[in-house]
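Reader: I am new to this protein, and I would like to learn how to read its features. Could you walk me through them?

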Amino acid sequence: PPLLKSLSSSVEIQLEEMIFENERYVPGRGWAKSHLLALDPHAYINARDRRARGATPDEASSSPLAASGGTQRWLDPEWRVCIQPKATDENGWQYHSRFSTTGWSPSSTMCVVRRRTWLRRRLAETQAETRIKPQI
């Protein structure tokens with residue numbers, strides 16, 4: 001039988017983590033995370049994996065490569081708010097009448113929920129294994 005040789009190498013992948021920060025409006029009390037209802041999303045949720053959630057962006061960030069034995073490090077020192085002209089207000093908030101995946105507006109008129117996106121880049125390193133058949 002032919003012998004197989006296994007070569008292991010390191011592969012680096014740059015990922016951008018995206019977290020939604022959520023708040024609800026209560027008349028006379030304003031906007032706050034503490035106003036979120038039981039069926040609302042958590043204060044911070046991972047945009048790609050909504051099961052990942054927490055009280056801070058770091059708690060809601062996911063790490064699939066670290067879970068599989070890889071290593072990672074943040075490329076950005078801090079989380080940054082994503083501000084997009086015509087899509088968010090000047091503080092990065094988007095508004096809606098309910099928590100939804102589409103139809104968010106940069107205006108708070110007639111809206112009772114809002115979200116904003118936090119971004120942070122990470123570099124993940126994992127091992128890739130290649131099997132080769134030696135030439136005889």
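This is a predicted model: local features need pLDDT of at least 70, side-chain atom pairs count only at pLDDT 80 or more; totals for chains, interfaces and linings use all residues.

Reader: Let me start with Y25: is this residue buried, partly exposed or exposed?

Author: A residue counts as buried under 20% relative accessible area and as exposed over 50%. Y25 has a relative accessible area of 32%, so Y25 is partly exposed. W31, with a value of 24%, is partly exposed too.

Reader: How many aromatic pairs does the structure hold, and how do I read one?

Author: A search of the whole structure gives 4 aromatic pairs. The general idea is that two numbers describe a pair of aromatic rings: how far apart the centres are and the angle between the planes. Take Y25 and W31, whose ring centres are 5.2 Å apart. Their planes make an angle of 55°, and the pair is called tilted.

Reader: Which residues form a cluster through ring pairs?

Author: Ring pairs join Y25, W31 and Y95 into a cluster.

Reader: Which charged ends sit over rings of tryptophans?

Author: Here you look for the end of a charged side chain placed over a ring. The charged end of R114 lies over the ring of W93, at 3.9 Å from the ring centre. Likewise, R122 has its charged end over the ring of W74, and the distance to that centre is 4.2 Å.

Reader: Stepping back, what pattern do the helices and strands follow along the sequence?

Author: There are 2 helices and 8 strands. Along the sequence the pattern is β-β-β-β-α-α-β-β-β-β.

Reader: How many residues does the protein have, and what share of them is buried?

Author: The protein has 136 residues, and 36% of them count as buried.

Reader: What share of the contacts with a separation of 6 or more comes from residues 24 or more positions apart?

Author: Those residues account for 59% of such contacts in the protein.

Definitions and conventions. Residues are numbered from 1 along each chain as its sequence is written. Side-chain values use heavy atoms; hydrogens and water are left out. Helices (H or I, at least four residues) and strands (E, at least two) are DSSP runs, numbered from the N terminus. Buried means under 20% relative accessible area, exposed over 50%, partly exposed in between (1.4 Å probe, protein chains only). Contact means heavy atoms within 4.5 Å. Rings of Phe, Tyr and Trp (its six-membered ring) pair if their centres lie within 6.5 Å; planes under 30 degrees apart count as stacked, over 60 as edge-to-face and the rest as tilted. A charge sits over a ring if NZ of Lys or CZ of Arg is within 6 Å of the ring centre and within 35 degrees of the ring normal.
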